[in-house]
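Biologist: I am new to this structure and would like to learn how to read its pockets. Could you walk me through them?

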Amino acid sequence: MSQVNTETKPVPKVDKATKVAGDKKERKKKRHETYSSYIYRVLKSVHPETGISNRAMAIMNSFINDIFERIATEASRLARYNNRHTLTSREIQTAVRLLLPGELAKHAVSEGTKSVTKYMSNA
């Protein structure tokens, strides 16, 4: 019996994050999406003289991501309970009322309603 060489050479993987420019390989910078610029804008509109440290900004960003995820999960659950396939402002509003305590929920709902009204008038 003759032996057949079944070994294959590894195929080099093409990484989407690398660019080949002549001999050099350049890495694309991975984008990190944060709410930092929005947090900063709101802070300056409320307290123009106040700054915020990088650590505090990271905490605020984490907080917003957490609240966003909780609201989205609750709204998704509400839509599923009502046999709906689309999240509307109604599900988001109900989720906010369920998740946020008392006065905070009222303010959030009124700000959300104001934003949706402004968006619809510009569309």
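This is a predicted model: local features need pLDDT of at least 70, side-chain atom pairs count only at pLDDT 80 or more; totals for chains, interfaces and linings use all residues.

Biologist: Which helix gives the most to the lining of the largest pocket?

Modeller: That is α4, with nine residues.

Biologist: And what is the volume of the largest pocket?

Modeller: About 560 Å³. Its lining counts 17 residues, and those closest to the centre are Ala108, Val109, Glu111, Gly112 and Thr113.

Biologist: How does the lining of the largest pocket divide by class?

Modeller: Here we sort residues as nonpolar, polar or charged, with Gly placed among the polar ones. In the largest pocket, nine lining residues are nonpolar, six are polar and two are charged.

Biologist: Now the second largest pocket, please. What is its volume?

Modeller: The second largest pocket has a volume of about 440 Å³. Among its 13 lining residues, Tyr35, Ile64, Ile67, Phe68 and Ile71 are the closest to the centre.

Biologist: Which helices each supply at least two residues of that lining?

Modeller: α1 (36-46) and α2 do. The biggest share comes from α2, which gives seven residues.

Biologist: And how many residues of the second pocket's lining are nonpolar, polar or charged?

Modeller: The count is 13 nonpolar, with no polar and no charged residues.

Key
Residues are numbered from 1 along each chain as its sequence is written. Side-chain values use heavy atoms; hydrogens and water are left out. On a 1 Å grid over the protein atoms alone, a cavity is a set of points where a 1.4 Å probe fits but cannot get out, and a pocket is an open set with protein on both sides within 12 Å along at least five of seven lines; lining residues have an atom within 4 Å of a point. Grid points are joined across faces, edges and corners, and a volume is the space filled by probe spheres set on the points. Helices (H or I, at least four residues) and strands (E, at least two) are DSSP runs, numbered from the N terminus.
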